[in-house]
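Trainee: I would like to learn how to read aromatic contacts in a model. Please start from the structure itself.

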Amino acid sequence: MKTIKTEPNQTIYDIAVQYYGTLDGVEELMTLNPDIKNDTKALVALGINTANQDHVFRFDVAIAPGSILVFNETSKTIDSRVVKKIEQPITTYQIWQER
């Protein structure tokens, strides 16, 4: 197992692609990291009340930046052909501002 630190604006999908090379890693990441939390600022921007800490993890919202996650670096899910080509963190989440 290896630990990673999440970057701002990374979703679980970004982490899966960056470290597994495919979205197939999402299930394993969720299993290995059952306490994963979303970025509070992103949830607030979506109008989600964060005062209640029991809100459900949103796959489509950024993970709390600086979170420490575990991933299985020897997983059969990893597509090494893709992973070796990824040179920078993948961060796709963006909070859209209404105009």
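Trainee: How many aromatic pairs does the count come to?

Mentor: A pair of aromatic rings is described by the distance of the centres and the angle of the planes. Rings of Phe, Tyr and Trp (its six-membered ring) pair if their centres lie within 6.5 Å; planes under 30 degrees apart are stacked, over 60 edge-to-face, and the rest tilted. By this rule there are 4 aromatic pairs. One of them, Tyr13 with Phe59, is tilted, at 6.4 Å centre to centre and 35° between the planes.

Trainee: Which parts of the chain does that pair link?

Mentor: Tyr13 belongs to helix α1 and Phe59 to the loop between α3 (40–45) and β2 (68–71), 46 residues apart. Helices (H or I, at least four residues) and strands (E, at least two) are DSSP runs, numbered from the N terminus. The model is predicted: local features need pLDDT of at least 70, side-chain atom pairs pLDDT 80 or more, while totals for chains, interfaces and linings use all residues. Residues are numbered from 1 along each chain as its sequence is written, and side-chain values use heavy atoms, without hydrogens and water.

Trainee: Is Phe59 buried or partly exposed?

Mentor: Buried means under 20% relative accessible area, exposed over 50%, partly exposed in between (1.4 Å probe, protein chains only). Phe59 is partly exposed because its relative accessibility is 33%. Phe57 and Phe59 form an edge-to-face pair, 5.5 Å centre to centre with 75° between the planes. Phe57, at 13%, counts as buried, whereas Tyr13, at 35%, is partly exposed.

Trainee: Which residues do the ring pairs link into a cluster?

Mentor: Tyr13, Phe57 and Phe59.
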